[in-house]
Amino acid sequence: MADNNSLNALIEALRRLPGVGVKSASRMAFHMLQHDREGAQLLAQALQQAATRIRHCNMCHTFTEGEVCGTCLDASRDRTKLCVVETPADQAAVERTGAFKGLYFVLMGKLSPLDGIGPKDIGVSKLFSRATQGEVQEVILATNFTAEGEATAHVLGEALKQRGLKVTRLARGVPAGSELEYVDLGTIAHALVDRREK
């Protein structure tokens, strides 16, 4: 297969996707080339179009094709609440619940000193600017419950409180419909600490 530079380049490109190794990338490449050339063309066009057109919203930093995303432009949103998430995928998950009608700020990452990711790398100054413009009264920290997500929430929370803002954190606890014997011990411990009156 010495003359298959294009095939090898395709496999290497597919390997850049998270969780995709050589075998999976090869399987995808062979499938598209053997069974779905039209799908391969559509995928290539969609990737090219997305890479060219999609940018960051000037206000919340999520993905959009315009200067400002539709959520930030929506006059019906509650501008006193700002939900801080790590990624656009996290924002989409919160939106799917239908429970939050405020605005967002997407960090595009989390603090991780071991990986060399500090406050400047995730746009913390832009968050502070957005949160302190006068409309926002509550900042909801909805970072993930990983070590890095917790550290990010802590650092942001302390800094936002110093700027006079009310800061809240997503609640954690036992998932609805689960049985205690199957829930991990850390989740049970957090649920006990964060318990509420009935």
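Met108 counts as partly exposed, at 27% relative accessibility (buried means under 20% relative accessible area, exposed over 50%, and partly exposed in between, with a 1.4 Å probe and protein chains only). Its phi is near 65°, a positive value in a residue other than glycine. Met108 sits in the loop between β4 and α6; helices here are DSSP runs of H or I with at least four residues, strands are runs of E with at least two, and both are numbered from the N terminus. All of this comes from a predicted model, in which local features need pLDDT of at least 70 and side-chain atom pairs count only at pLDDT 80 or more, while totals for chains, interfaces and linings use all residues. Residues are numbered from 1 along each chain as its sequence is written, and side-chain values use heavy atoms, with hydrogens and water left out.

His61 also has a positive phi, about 80°, although it is not a glycine. This residue belongs to the loop between β1 (55–56) and β2 (63–64). At 17% relative accessibility, His61 is classed as buried.

Turning to the nonpolar interior, a core is taken as a set of buried Ala, Val, Leu, Ile, Met, Phe, Trp, Tyr and Cys residues joined through side-chain atoms within 4.5 Å. The largest such core has 20 residues, and those with the most contacts inside it are Val84, Leu127, Val139, Leu141, Leu156 and Leu160. Two or more residues come from each of β3 (78–85), β4 (102–106), α6, β5 (138–141) and α7. A second, separate core of 8 residues includes Cys83, Val94, Tyr104 and Val106. Back in the largest core, Leu156 touches Val84, Leu107, Val124, Leu127, Phe128 and Leu141, leaving aside residues up to four places away in sequence (contact means heavy atoms within 4.5 Å).

Leu156 turns up again where two helices pack. Helix α6 (residues 124–131) and α7 meet at an angle of about 40°, with their axes 11 Å apart; the axes are lines fitted to C-alpha atoms over the stretch in contact, and angles run from 0 to 180 degrees between N-to-C directions. The crossing is right-handed, that is, the near helix is turned clockwise from the far one by less than a right angle. On the α6 side the contact is made by Val124, Leu127, Phe128 and Ala131, and on the α7 side by Leu156, Ala159 and Leu160. These divide into 7 nonpolar residues, with no polar and no charged ones (nonpolar covers Ala, Val, Leu, Ile, Met, Phe, Trp, Tyr, Cys and Pro; charged covers Asp, Glu, Lys and Arg; the others, Gly among them, are polar).

As for charged pairs, the count comes to 8 salt bridges, each a side-chain nitrogen of Lys or Arg within 4 Å of a carboxyl oxygen of Asp or Glu. Arg172 and Glu150 are joined by one of 2.7 Å, N to O. Arg172 lies in the loop between β6 (166–169) and α8 (185–193) and Glu150 in helix α7 (residues 147–162), so the pair ties together parts 22 residues apart in sequence. Both partners are partly exposed, Arg172 at 27% and Glu150 at 26%.

Glu158 and Lys161 form another salt bridge, at 3.9 Å. Both lie in helix α7, 3 residues apart, or about one turn of the helix. Salt bridges that share partners also link Glu150, Arg169 and Arg172 into one network. Finally, Asp78 pairs with Lys81, the closest N and O atoms being 3.6 Å apart; Asp78 is partly exposed at 27%, and Lys81 is partly exposed at 30%.
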